[in-house]
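Look at the model below. Then follow its side chains as they meet, pair by pair.

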Amino acid sequence: GAVEDYQEALKYNPLFYGAYLCRGHLERSIGNYKNAINDYSQTLVLYANNTEALDGRALCYRRLAEAAQDSAKKADLIAKAEADEKKAESLKKEEDS
């Protein structure tokens, strides 16, 4: 499947941030939020100002927060989501100016 195709691409070029980003989108779309967060985080290691990865990771944090039973865990996930959203918003404003 598609996840395996991205894994194969990353074997040949582990610095190809686009494969991590696309795999993150795919993982998010099927509800694998933790895997998606890992892929978005790796995208950000390779391309720190990628607003698409920040937005995707923030959405995953929010989805995990919705399911969290522990209030401290929920608050931590929401804080992470808000930090990513704030950074993405700031970067988008810079792009527009």
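Start with Arg 63, which counts as partly exposed at 33% relative accessibility. This is a predicted model. Arg 63 has a charged partner: Glu 66 forms a salt bridge with this residue, and the closest N and O atoms are 3.2 Å apart. Both residues sit in helix H4, 3 residues apart, so about one helical turn separates them. Glu 66 is exposed, with a relative accessible area of 55%.

**Salt bridges**

Side chains of opposite charge can pair when their charged atoms come close. How many salt bridges does the count come to? The count comes to 8. The table lists some of them, including the one just described.

| Salt bridge | N to O distance |
|---|---|
| Asp 55 and Lys 92 | 2.7 Å |
| Glu 66 and Arg 63 | 3.2 Å |
| Lys 93 and Glu 89 | 3.4 Å |

Take Asp 55 and Lys 92, whose side chains meet in a salt bridge. This pair links distant parts of the chain: Asp 55 lies in helix H4, Lys 92 lies in helix H5 (residues 71-96), and they are 37 residues apart. The cut-offs explain the label: partly exposed is the range between buried, under 20%, and exposed, over 50%. Lys 92 also counts as partly exposed, at 33%.

Now turn to Lys 93 and Glu 89. Their side chains meet in a salt bridge too. Here both partners lie in helix H5, 4 residues apart, which is about one turn of the helix. Lys 93 is exposed, with a relative accessible area of 54%. Glu 89 is partly exposed, with 47%.

**An aromatic pair**

Rings can meet as well. A pair of aromatic rings is described by the distance of the centres and the angle of the planes. A search of the whole structure finds 1 aromatic pair. Which residues form the pair? They are Tyr 17 and Tyr 47, at 4.9 Å centre to centre, with 70 degrees between the planes. The pair counts as edge-to-face, because the angle between its planes is over 60 degrees.

Tyr 17 is partly exposed, with a relative accessible area of 32%. Tyr 47 is partly exposed, with 37%.

Key
Residues numbered from 1 in each chain as written. Predicted model: local features only at pLDDT ≥ 70, side-chain atom pairs only at ≥ 80, totals over all residues. Heavy atoms only, no water. Phe/Tyr/Trp six-rings, centres within 6.5 Å; stacked < 30°, edge-to-face > 60°. Buried < 20%, exposed > 50% of the residue type's maximum accessible area, 1.4 Å probe, protein only. Salt bridge = Lys/Arg side-chain N within 4 Å of Asp/Glu carboxyl O. Helix = DSSP H or I, 4+ residues; strand = E, 2+ residues; numbered from the N terminus.
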